[in-house]
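Please look at the sequence and the structure before reading on.

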Amino acid sequence: MEPRVGPAPDAAPQVRPYHHPAAGWGAAKSVTRVLVEERELVDGPRAIMRMNHENGGFDCPGCAWPDDTKGLRLDICENGIKHVTWEMTRKRVDRAFFAAHSVTELAGWSDYDLENQGRLTEPMAYDPESDHYVPISWKQAFELVGAALRGLDDPNRASFYTSGRLGNEATFLYQLMARELGTNNLPDCSNMCHEASGRALQAALGTGKGTVDLKDWESADALFILGVNAASNAPRMLTALAEAERRGAQIVHVNPLVEAAATRTIVPHEFLDMALFKSTRTSTLNLQPRIGGDMALLRGMAKAVLEQSASDPKALDATFVERHTAGFEEYRALCAATPWEELERQSGLSRADILRAARVYTEADRSIVSWCLGLTQHEHGVDTVREIVNLLLLRGNIGREGAGPSPVRGHSNVQGNRTCGIDHRPTEAFLDRLADACGIDPPREHGLDTVRTIQAMRDGEVKVFVAMGGNFALAAPDTAATYAALRSCDLTVQVSTKLNRSHVVHGRAALILPCLGRTEKDHQRKGVQRTSVEDSMSMVHLSLGMKRPASPHLLSEPAIVAGMARAALPDSETPWDWYIEDYDRIRDTMAVALDGFEDFNRRVRLPLGFRIKQPARELVFLTPSGRAEFSTAALPDVVPEPGTLALGTMRSHDQWNTTIYSDDDRYRGVRNLRTLVFMNRADMRERGIADMGAVDITSTAKDGSHRYLKGYTAVPYDIPRGCAAGYMPEMNVLCALGDYSTQSDQPIMKHVKVTIVPAAGG
């Protein structure tokens, strides 16, 4: 039996439209409830006052939105406080807990119940004879990992996964260990979220990151927010949206669902507005394309700009295009040859709607386009992000204040992980610098990403799987295939703060290695240590924990990596123990090995840290042509076949990635229900589905195979016809392992082909 995800509902499901502002008193009430339930009425508020502060504070372990540049004392959000309080819980999962509960029993628990047991306290090893986890010393645990890695006939039979919560110093040591072992098998959560963004921006601009910073958001005339549910995934963006509206900027939200962040907000730290219940609009235009239709919308906007330029030369920045771009004439011809009828059909929007968006764009002197997984988790995700760049290039919206591309990273340090070496496709330049700085001979062949790691584990080619954070069993696609892959390993190692599904879906041998949380003090030989993180706009800053560790037996993530490395590489000349004594030593090596990290230790201690250089921001394009490259990709056909729907997976408001806080989704008006599917009411009528009726969902993979979810609840919602949506990780089971983008290798979790019918016997 595969366990249900989420807490058991204590009341009947309810769905009522949500008409209140995002954040505001709803967020304040939610935060208060969490603090009371976790009994953190003292340390909780204390943590709130220390989170995201430049002097002695810790970085929020939630999203990667940049810290406020104006000295804001409460640069926080509801979900960040939930995340921190969830980590600071007083509950403990100790050896007595594991003695009382077998793994078979725990496998039947909900994922909410697993995490809700509290913080892990000491290393544990799986004992197959008793079917229990039993205590193991750190020395024995490291030797078990080391022996397994040393015993492999090929280092590529190991794979080293990374979640976005890992700090830069641990990240650097982790990739160094893997490469000194001889493998580039370094899958990470970017493989499932923003891989398409990195590849597209690299091809178009010569950089794998966005070019804007928070000050640009503060001076843009127009903001285009595509495929982003900001109120839940990057709530601090609400402050930027409210400030933009007040200064008269235009804000266009593009999403199949009109989310709460696309309506209005009351920013909690604006106390007068809170007291007066005064809300601020967060959009001037909302467009609802069909799932996958964003590229057609962007192409239509570009077509409108080019058509307008025939009579209004100012619509096109011809000087910028001539001096700094390549491929413009081919792109102009492509836009001219694309009929409006096809743009309307593929986008699901009218020509009038597309022209309204284009008018906002041409009337703005400086525009930012921001996006998240709604654009990337598609077959054509790379082409869509490149279409964003095409549109920006037409009006010279690259390399100047208040303009540019701005991907929204959804996890605290996922961008820093990639910057600091977690990349299964490292460049030769990176490997050369690493070799010189660290005295190793790193492997040159590409490694395995997330999907290919699962395939290799399933096929017996990868024998050892190590995960630094995260909940791989639930985060990955095709749940059944991922479970089978993990169970096929000789050894699985999970470095974690709390119990989760990946601990009960494990290899023949398994270790749980508990680590410090972001909120906790990291004591090493040279004193309390700070770690660094990189936000979604390339700012790098320090984070300092404030709390006593949940257990005296916890180790920091850098110390755990070093312990595994010492055991796996007994002849290594890398000074692992010396590094752990003082993290400044790690940063000194990083300053030599990583481009943009020169003088790391001094610059990271500056107020707000430092921003990694972005050549494209200075109009230096590290592309083959030395210019920004227009893309001329064909429009994909995203119109569902008759009888089928395009389904996208998403978070509820009361969850963070695979961590689920409750069965509620306040901003979508849902209480006590997660096993649901949002549908257009006309699609429901056409299929004979009643409001809140039970339905069966069948997905069809590229190879023709099927996957199923039974007895879900159909909820009528304002979503385009032919589209449906529901929550991950429950719906990850519908995305086949082989259904990944040929452009980015990302699982296509936002564009699953499904049929939905009334439940059998319902």
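How many bridges join strand 9 to strand 12? The model is predicted. In it, strand 9 and strand 12 (residues 285-287) run parallel and are joined by three bridges. Strand 9 (residues 250-254) has four of its five residues buried, so the rest of the structure largely encloses it.

**Aromatic contacts**

A pair of aromatic rings is described by the distance of the centres and the angle of the planes. The structure holds 22 aromatic pairs. One of them is formed by Phe-97 and Trp-109: the ring centres are 6.0 Å apart and the planes stand at 80 degrees, so this pair is edge-to-face, as angles over 60 degrees are. Phe-97 belongs to helix 4 (residues 95-100), while Trp-109 is in the loop between helix 5 (103-107) and helix 6 (111-115), so the pair ties together parts twelve residues apart in sequence. Both Phe-97 and Trp-109 are buried.

A second pair is Trp-578 with Tyr-579, whose ring centres lie 5.9 Å apart with planes at 45 degrees, so the pair is tilted. Is each of these residues buried or exposed? Trp-578 is partly exposed, at a relative accessible area of 42%, whereas Tyr-579 has 5% relative accessibility and counts as buried.

Phe-97 and Trp-109 also belong to one aromatic cluster, together with Phe-98, Tyr-126 and Tyr-133.

Charged side chains lie over rings as well. Arg-395 is placed over the face of Tyr-361, 5.9 Å from the ring centre. Arg-603 has its charged end over the ring of Phe-610, at 4.0 Å from the centre of that ring.

**Salt bridges**

Side chains of opposite charge can pair when their charged atoms come close. The count of salt bridges comes to 52.

| Glu-534 | Lys-209 | 2.8 Å |

The salt bridge between Glu-534 and Lys-209 links distant parts of the chain: Glu-534 is in strand 21 (residues 531-534) and Lys-209 in the loop between helix 9 (195-205) and helix 10 (214-217), 325 residues apart. Glu-534 is buried, with a relative accessible area of 0%, and Lys-209 counts as buried at 13% relative accessibility.

Glu-686 is exposed, at a relative accessible area of 57%, and Arg-721 counts as partly exposed at 42%.

Which residues are linked in a network of salt bridges? One such network contains Asp-188, Glu-195, Arg-199, Arg-418, Asp-449, Arg-452 and Asp-745.

Key. Residues numbered from 1 in each chain as written. Predicted model: local features only at pLDDT ≥ 70, side-chain atom pairs only at ≥ 80, totals over all residues. Heavy atoms only, no water. Phe/Tyr/Trp six-rings, centres within 6.5 Å; stacked < 30°, edge-to-face > 60°. Helix = DSSP H or I, 4+ residues; strand = E, 2+ residues; numbered from the N terminus. Buried < 20%, exposed > 50% of the residue type's maximum accessible area, 1.4 Å probe, protein only. Lys NZ or Arg CZ within 6 Å of the ring centre and 35° of its normal. Pairing = 2+ DSSP bridges. Salt bridge = Lys/Arg side-chain N within 4 Å of Asp/Glu carboxyl O.
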